[in-house]
Amino acid sequence: MNFCSHCGHTVRFAIPDGDDRPRYFCDECGTIHYQNPRIVAGTLPVSGSRVLLCRRAIPPRKGYWTLPAGYMENAETTVEAAARETREEACAEVEIHGLYTLINLPHIDQVYMIFRADLAGDFEAGPESLEVALFEEHEIPWDALAFPTIERTLRHFYDDRREAAFPLHVSDITAEDRERYFGSA
């Protein structure tokens with residue numbers, strides 16, 4: 001960031017008075033420009049014993065499989081964001097049952113919030129998906145999943161389904177975890 005979005009003057013990166021971490025701020029108008037993590041909201045849509053996955057039509061990880069999820073927009077709740085992303089990516093409606101996984105990725109400033117949901121009706125690929133499909137557990141394309149957050153959520157789901165209990169799972173994915181997942185490419 002070089003210029004203040006409020007007054008247009010140059011900003012500097014330093015620790016503002018009364019704060020404990022560096023931030024961009026404008027000496028001219030006094031605006032502190034906070035940069036906060038982005039929330040990724042999505043669903044784990046289930047139909048009977050199958051899970052709905054979307055094959056990504058856009059970068060990053062184009063061609064890889066994911067749960068329907070994306071960045072939360074202003075003026076919407078996390079549940080609304082998860083339902084909207086499911087409509088956008090899979091043209092599907094869902095009945096949301098509650099937050100299922102909350103995964104922190106501090107190294108890329110993201111927080112994933114995936115809600116367990118029942119698929120309600122038909123589905124088809126939206127503009128951000130090459131295809132969408134329902135998968136039994138043994139059919140999941142484990143080697144072609146887009147992100148470690150998706151793999152972690154699916155593994156929790158199948159473990160929990162065997163126990164017939166679906167608690168909230170809160171965890172972190174570190175830079176090292178991500179590098180192991182993607183390799184050093």
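# Notebook: cavity, pocket, strands

I started with the lining of the largest cavity, and its residues divide into 2 nonpolar, 2 polar and 3 charged. (Nonpolar covers Ala, Val, Leu, Ile, Met, Phe, Trp, Tyr, Cys and Pro, charged covers Asp, Glu, Lys and Arg, and polar covers the others, Gly among them.)

A note on what I am looking at: this is a predicted model, where local features need pLDDT of at least 70 and side-chain atom pairs pLDDT 80 or more, while totals for chains, interfaces and linings use all residues. Residues count from 1 along each chain as its sequence is written, and side-chain values use heavy atoms, with hydrogens and water left out.

**Entry 1: the cavity**

How many cavities of 30 Å³ or more does the structure hold? I found 1. The volume of the largest cavity comes to about 30 Å³. (On a 1 Å grid over the protein atoms alone, a cavity is a set of points where a 1.4 Å probe fits but cannot get out; a pocket is an open set with protein on both sides within 12 Å along at least five of seven lines; lining residues have an atom within 4 Å of a point. Points join across faces, edges and corners, and volume is the space filled by probe spheres set on them.)

I wrote down the residues that line the largest cavity: Cys 54, Arg 56, Ile 58, Thr 66, Glu 89, Glu 128 and Ser 129.

**Entry 2: the pocket**

Next I looked up the largest pocket, which has a volume of about 450 Å³. I counted 29 residues in its lining, with Arg 56, Gly 70, Tyr 71, Tyr 112 and Phe 147 nearest the centre. Arg 56 also turned up in the lining of the largest cavity.

At least two lining residues come from each of S4, S7, H1, S9, helix H2 (148-163) and helix H3 (175-182). (Helices, H or I with at least four residues, and strands, E with at least two, are DSSP runs numbered from the N terminus.)

**Entry 3: helix H1**

H1 then got a page of its own. Helix H1 covers residues 78-90, 13 residues in total, and reaches 18 Å from its first C-alpha to its last, close to the 18 Å expected at 1.5 Å a residue. (The expected span is 1.5 Å times one less than the number of residues.)

I listed the buried residues of H1 as Ala 81, Ala 82, Ala 83, Arg 84, Glu 85, Thr 86, Glu 89 and Ala 90. (Buried is under 20% relative accessible area, exposed is over 50%, partly exposed is in between, with a 1.4 Å probe and protein chains only.) Of these, Glu 89 is also in the lining of the largest cavity.

The buried residues of H1 pack against several strands, including strand S5 (50-56), strand S8 (94-105) and strand S10 (129-135).

**Entry 4: strand S4 and its partners**

Why is S4 largely enclosed by the rest of the structure? I found that 7 of its 10 residues are buried, so the rest of the structure largely encloses it. S4 and S9 run parallel and are joined by 9 bridges. (Two strands pair if DSSP finds at least two bridges between them.) S4 also pairs with S7 in the antiparallel sense, over 3 bridges.

Gly 42 has a bridge partner in S9, Ile 114, and another in S7, Ala 69.

S5 is another antiparallel partner of S4, over 2 bridges, with Ser 47 opposite Arg 50. The two strands form a hairpin with 2 residues between them, and Gly 48 in the turn has a positive phi of about 65 degrees.

**Entry 5: the open sheet**

Another sheet has 3 strands in the order S1-S2-S3, open and antiparallel. Its edge strands are strand S1 (12-14) and strand S3 (32-33), each pairing on one side only. Strand S2 (residues 23-25) pairs with S3 over 2 bridges, and Phe 25 has Ile 32 as its bridge partner in S3.

Most residues other than glycine have a negative phi, and most peptide bonds are trans, so I looked for exceptions. The peptide bond from Pro 59 to Pro 60 is cis, with omega near -5 degrees. I placed Pro 60 in the loop between S5 and strand S6 (65-66).

Arg 61 lies in the loop between S5 and S6 too, and its phi is positive, near 65 degrees. Arg 61 counts as partly exposed because its relative accessibility is 24%.

My last stop was Asp 109, in the loop between S8 and S9. Its phi is positive, near 55 degrees, and at 45% relative accessibility Asp 109 counts as partly exposed.

Technical notes: Contact means heavy atoms within 4.5 Å.
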